[in-house]
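Subject: Structure handover

Hi,

Here is the structure I promised to pass on. Please open it alongside this email.

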Amino acid sequence: MSPAHAGAPDAGVPPFDWGALPPAALADHLARQRWSGARGATITDVRVAGWIPFPLDAADACAIVLVEGRVNGAPVRWQLPLLAPSDAAVDLASADATAHAPFRDALRAALAAERELPGRTTDGRPLRWRARAVARDGALAASLPSRVGGAEQSNTSLLYGEAAIVKLFRRLERGPQPDVEIGRALATTRFAHVPALLAVVELDEDGDVTVLAMAQALVPRARDAWEVVVARARAALAGDASTESDAGVAEARRLGEATRRLHDALAAVGEEAFAPEPATPADVRGWAGDAARAFDLALDAVAPPPGEDASTDTARAFAEARAALGALAARREELRARLDALVARVDDDAGLRIRHHGDYHLGQVLRGEDGTLAVIDFEGEPARPLAERRARHSPLRDVAGMLRSFGYAAAAALREVSAEDDVAPRADAWEAAARAAYLDGYFHAAAEGRPSYLPRSRVSADALVRVFELEKLFYELRYEVRNRPDWLAIPLRGLQALLAAEVR
Ligand SMILES: Nc1ncnc2c1ncn2[C@@H]1O[C@H](COP(=O)(O)OP(=O)(O)O)[C@@H](O)[C@H]1O
Ligand SMILES: O=P(O)(O)O[C@H]1O[C@H](CO)[C@@H](O[C@H]2O[C@H](CO)[C@@H](O)[C@H](O)[C@H]2O)[C@H](O)[C@H]1O
């Protein structure tokens with residue numbers, strides 16, 4: 001690669017030709033990252049689409065590089081903050097600027113100063129990187145020790161002391177980013193369980209705006225509800241029912257109440273993009289269709305990859321999932337009939353479609369040291385297109401997501417105990433108690449009665465939750481195939497339980 005002119009370099013920093021990064025090295029790097037959403041996939045047509053030179057105090061060339069490619073034929077765009085790779089082999093993993101403290105410092109300073117930086121596309125059109133403050137509370141003003149977030153996540157988060165967290169969105173789509181949109185909107189409501197939005201970074205391409213990053217107030221020393229609830233499930237399995245597990249059920253009820261408050265607030269935001277709309281019988285049929293389609297996608301996802309080595313643990317997990325989904329495929333008509341019966345049960349009593357969280361699970365609720373809850377990550381399911389993630393939907397989809405998460409927590413605790421301990425019935429009992437408490441918290445949180453966004457009858461509400469749980473479960477099977485094949489058994493356990501209840 002020839003170092004060539006690449007925008008306006010800082011004095012003393014050797015210029016670097018970002019446009020000449022080899023597509024093969026980029027494709028290989030992306031296929032290894034969870035944040036690419038294409039881990040293990042073949043990424044084709046990879047190219048550098050543009051870059052914004054990012055000045056650092058240190059003498060390293062750095063840029064926010066925009067990369068385009070196709071995953072299974074669909075176009076995807078990513079942002080890669082990179083330092084100029086020093087080796088001829090172009091090791092992009094070690095060039096990731098987020099791992100480099102001077103980059104993190106420079107990013108914080110740029111956010112605090114609301115900097116604008118010029119860049120250009122590979123074909124010479126201008127780009128603008130623009131930081132904008134949302135709250136001027138000084139959380140980003142001072143230099144603080146920074147680190148890269150350690151959580152398993154879909155993007156990359158940078159933490160600054162105990163003050164702020166900056167999330168760099170990795171897969172980019174033009175238009176409003178729901179995480180920012182909902183964070184801003186909730187700040188106008190009485191809903192207190194959301195960290196303050198501090199700043200936003202946008203990319204301006206001749207008036208087309210893409211959100212690149214957001215800064216939020218950090219909840220210091222937070223534990224997420226996943227950690228807390230799995231600990232409770234573990235205690236329940238150990239037979240310590242009197243203390244920890246009872247507390248787990250109380251925690252589930254509190255989460256139910258917080259979810260209800262979240263939906264109350266989202267339904268009350270006075271903006272066009274948030275205005276509730278009626279959920280029609282056609283919508284309900286569409287949601288059942290989504291669940292059926294999610295099943296087909298899950299079935300495709302567990303197909304053996306070409307040249308699979310059947311002796312590996314991953315191949316065995318795939319084979320197990322294939323067998324379970326294959327058995328269900330043979331009963332496809334039955335599944336369809338069951339979905340139709342659920343649709344009929346709801347009829348015209350589906351409530352309203354409102355903005356909702358969209359990827360709600362225990363990992364999305366933080367618990368501060370004082371026990372305060374904070375809901376994060378309003379981006380929606382990362383694999384869905386932006387338009388779907390911003391669409392209004394039944395809020396019961398979030399309820400179903402959290403119920404699935406209790407199933408995950410029970411299964412995760414179960415995985416830790418020896419197969420000889422016959423504790424599966426205890427895991428089932430704990431999950432049933434947590435589910436019941438969560439639903440009780442959600443439906444009975446308020447003395448003021450049922451809000452108009454919920455179905456009038458609990459029978460309709462429960463039927464909708466069932467449809468969304470099935471859809472989520474099939475989504476999870478696909479998610480685990482791509483990201484954690486050794487966790488495939490978890491949604492499979494949920495599938496068996498749901499089918500025992502639903503398809504007879
Ligand atoms: N405001 C916050 N305060 C403390 N930790 C946070 C905050 N926001 C996110 N985190 C941490 O960062 C992780 C990833 O955040 P999340 O928004 O879920 O990212 P992603 O969209 O990439 O999955 C969370 O699981 C949590 O551990
Ligand atoms: O990265 P995101 O948090 O936006 O969401 C994705 O990753 C989640 C896992 O980190 C995944 O959630 C699934 O696993 C959780 C336990 O790790 C469990 O609590 C959830 O119920 C289960 O769906 C989520 O589906 C995915 O979109």
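This is a predicted model: local features need pLDDT of at least 70, side-chain atom pairs count only at pLDDT 80 or more; totals for chains, interfaces and linings use all residues.

Overall fold

The protein has 504 residues, and its radius of gyration is 24 Å. A compact globule of that length would come out near 23 Å, so the two values agree. Along the principal axes, the C-alpha atoms fill a box of roughly 70 × 55 × 45 Å. Secondary structure comes to 14 helices and 15 strands. Of the 504 residues, 43% are buried. Now the contacts with a separation of 6 or more: 68% of them join residues 24 or more positions apart.

Around ligand 2

The shell around ligand 2 holds 16 residues. Which of them come nearest? They are Ser154, His361, Leu362, Ser405 and Tyr408. Two elements, α11 (396-416) and α13 (458-483), each give two or more residues to this shell. The largest share is from α11, with 3 residues.

By residue type, the shell divides into 6 charged, 5 polar and 5 nonpolar.

Where does the shell sit relative to the domains? Both contribute: domain 1 (18-217) and domain 2 (223-502) each supply at least three residues to the shell around ligand 2.

Best wishes

Terms used. Residues are numbered from 1 along each chain as its sequence is written. Chains are lettered from A and ligands numbered from 1 in the order in which they are written. Helices (H or I, at least four residues) and strands (E, at least two) are DSSP runs, numbered from the N terminus. The radius of gyration is taken over C-alpha atoms; the globule rule is 2.2 Å times the number of residues to the power 0.38. A residue is buried if 20 or more other C-beta atoms lie within 10 Å of its own, exposed if 12 or fewer, and partly exposed in between; C-beta atoms are placed from the backbone. Two residues are in contact if their C-beta atoms, placed from the backbone, lie within 7 Å. A residue is near a molecule or strand if its C-beta atom, placed from the backbone, lies within 6 Å of it. Ala, Val, Leu, Ile, Met, Phe, Trp, Tyr, Cys and Pro count as nonpolar, Asp, Glu, Lys and Arg as charged, and the others, Gly among them, as polar. Domain bounds come from an automatic or database domain assignment.
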